[in-house]
Amino acid sequence: MKYYIVIPAHNEQDLIGLTLQSLVSQTVLPSKVVVVNDNSTDKTEEVVLGFAKENPFISVVNKTSDAIHMPGSKVIQAFQKGFETLDSDYDIIVKIDGDLIFPPNYFETIIKHFESDPKVGMVGGFCYIEKNGDWILENLTDKDHIRGALKAYRKATYQQIGGLRPAMGWDTVDELLCKYYDWKIVTDESLHVKHLKPTGANYNKTARYKQGEAFYTIGYGFWITAIASAKLAMMKKKPFLFLDYIRGFWKAKKAKTPLLVTPEQAKFIRNYRFQKMKQKLF
């Protein structure tokens, strides 16, 4: 199976080389890698061009955007810019961040999962961060969720879910829509990916309400939002984030912010989330 990779990158000169080196060292090489140089003020483009000279499947696309790192919208707009440069001769489309180091067998293993079952729509490994000299699991989500930093989609799945939404919550909506359309999601705990920057390290303070807004636009409703907000705040060990998330939800509701899904999909999502919660409680 052929896989294409798109990497949104903003000021990643110190890390993008490590990511690209891990990609050119894969046991099964990507057919194309597009790095979207998103308004960088450093030497990100030079680093990528250096790799492109030796690896013709690597290319760079330049994009101008706001320098503020608002979660969701900026990165997916950059991804879309790169995706639009690709042809449709791929089996798997991959979105990754420019601060990851993949083990050499990562994509060979990802491909095997897709080949094992035609109903597998998404596959991913797990992010690990360095702490006191050890690489530990970046434990921000459930084990059945694929982190936004390393998403791999079957072509048919990507097309059916309508691509990626340029808004915070995109990396939850995609999986919920996979469930809606009866695709399987596979997470492989044997695939340890080094995540060199902690999630959210560059987020602007104005982004703190965005998580609650995302819960609203996904169609969670208040009670699921409250439970999800409490859980996420505890996982991040910042209990007061709960209040920010709830404020974000009510702000979005008051503003009648458009949902990222249809009413029918939102109803499915709420039922699915309630069922998952029941399974954990009983």
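This is a predicted model: local features need pLDDT of at least 70, side-chain atom pairs count only at pLDDT 80 or more; totals for chains, interfaces and linings use all residues.

**Entry 1: V36**

I started with the contacts of V36, where contact means heavy atoms within 4.5 Å. Skipping neighbours within four places in sequence, I found V36 in contact with V6, I7, P8, A9, V61, K63, A78, K81 and G82. Residues are numbered from 1 along each chain as its sequence is written, and side-chain values use heavy atoms, with hydrogens and water left out.

Where does V36 sit? I found V36 in strand β2, residues 32–38. Helices (H or I, at least four residues) and strands (E, at least two) are DSSP runs, numbered from the N terminus.

Is V36 buried or exposed? V36 counts as buried because its relative accessible area is 0%. The cut-offs I used: buried is under 20% relative accessible area, exposed is over 50%, and partly exposed is in between (1.4 Å probe, protein chains only). I also checked V36 against N55: they are 19 residues apart in sequence, and their C-alpha atoms are 16 Å apart in space.

Next I went to the loop between α6 (170–180) and β9 (184–195), where I found Y181. Y181 has a relative accessible area of 27%, so I wrote it down as partly exposed. Not counting residues up to four places away in sequence, Y181 touches K119, Q160, I161 and Q265.

D182 is exposed, because its relative accessible area is 55%. Its phi is near 70°, a positive value in a residue other than glycine.

Which loop holds N132? N132 is in the one between β6 (120–131) and β7 (134–137). Here I noted another positive phi in a residue other than glycine, near 55° for N132. N132 counts as exposed because its relative accessibility is 75%.

I found N105 in the loop between β5 (100–101) and α4 (106–116). With a relative accessible area of 35%, N105 is partly exposed. Leaving aside neighbours within four places in sequence, N105 is in contact with Q26, T27 and L191.

**Entry 2: the whole chain**

Zooming out, I counted 10 helices and nine strands in the protein chain. Buried residues make up 49% of its 282 residues. I took contacts between residues at least 6 apart in sequence, and 77% of them join residues at least 24 apart. The C-alpha atoms fill a box of roughly 55 × 40 × 40 Å, taken along the principal axes.

**Entry 3: a record to check**

Last, I looked at UniProt, where an unreviewed entry puts the annotation "transmembrane region" on residues 214–234. UniProt positions are given in the numbering used here, feature names are shortened, and annotations may be inferred rather than shown by experiment. In the model, residues 214–234 are 86% helix and 0% strand, and the end C-alpha atoms of the span lie 18 Å apart.
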